[in-house]
Amino acid sequence: MNTHAGRTLSRPTGARMALLRSLTVSLFRHEEIRTTVAKAKELSRFAEGVLARAKKNTLESRRRVTADVNDEDVRKKIYDVLVPRYQARPGGCTRIHRLGARSGDNAPVALIRLVS
């Protein structure tokens, strides 16, 4: 039985964290992306955490956000656009819409977007 929270997404820890960081950068850049349902659910948890940390706007939180978001333009967008947009919102900044099954392997696909 797995006692750890979250999905492993059939990847070792380093690869999973790299995947989540990459998906987070894409989500913040485009404000919506299309991926599998399992990845979307994990991405939602990860991206909400990054936004919650960014809202604190302390030196430590900026360093933690920098560790997770390695794109300078996206970090600038987080602090200039996204944090003011979600400052009064206590959470729930992402929404997952199920789109059906992918034609190649029948995997459930979802659209994850930032709420406006």
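Author: Buried means under 20% relative accessible area. The model discussed here is predicted.

Reader: Is T36 buried or exposed, and what is its relative accessible area?

Author: T36 is found in strand β1. Residues that T36 touches, not counting those up to four places away in sequence, are R102, A107, P108, V109 and A110. The cut-off for buried is under 20%, so T36 counts as buried, with a relative accessible area of 14%.

Reader: In what order do the three strands of the open sheet stand, and which stand at the edges?

Author: The pairing in this open sheet is antiparallel, and the order is β1-β3-β2. An edge strand has a single partner strand, so one side of it is left without a neighbour in the sheet; this holds for β1 (32-36) and β2 (94-101).

Reader: Over how many bridges do β2 and β3 pair?

Author: Two of the residue pairs can be named: T94 has L114 as its bridge partner in β3, and H97 has L111. Strand β3 covers residues 108-114, and its antiparallel pairing with β2 runs over seven bridges.

Reader: Which residue in the turn of the β2 and β3 hairpin has a positive phi?

Author: The hairpin formed by β2 and β3 has six residues between the strands. In that turn, a positive phi of about 65° belongs to N106.

Reader: What angle does α1 make with β1, and what angle does α2 make with β1?

Author: Helix α1 (residues 13-30) lies across β1, β2 and β3, and runs at about 145° to β1. Helix α2 (residues 37-56) packs on the sheet and touches β1, β2 and β3. The direction of α2 makes an angle with that of β1 of about 135°.

Reader: Why is α1 called oblique to α4, and what is the handedness of their crossing?

Author: Helix α4 (residues 72-86) packs with α1 at an angle of about 50°, the axes being 10 Å apart. Angles under 35 degrees count as roughly parallel and 65 to 115 as roughly perpendicular. The angle therefore makes α1 oblique to α4. The crossing of the two helices is left-handed.

Reader: Which residues make the contact of α1 with α4, and how many are nonpolar, polar and charged?

Author: From α1 come V25, F28 and R29, and from α4 come V74, K77, I78 and L82. By class, the contact has five nonpolar, no polar and two charged residues.

Technical notes. Residues numbered from 1 in each chain as written. Predicted model: local features only at pLDDT ≥ 70, side-chain atom pairs only at ≥ 80, totals over all residues. Heavy atoms only, no water. Pairing = 2+ DSSP bridges. Helix = DSSP H or I, 4+ residues; strand = E, 2+ residues; numbered from the N terminus. Contact = heavy atoms within 4.5 Å. Axes fitted to C-alpha atoms, helices over the stretch in contact; angles between N-to-C directions. Parallel < 35°, antiparallel > 145°, perpendicular 65-115°, else oblique. Left-handed = near helix turned anticlockwise from the far one by under 90°. Nonpolar A, V, L, I, M, F, W, Y, C, P; charged D, E, K, R; others polar. Buried < 20%, exposed > 50% of the residue type's maximum accessible area, 1.4 Å probe, protein only.
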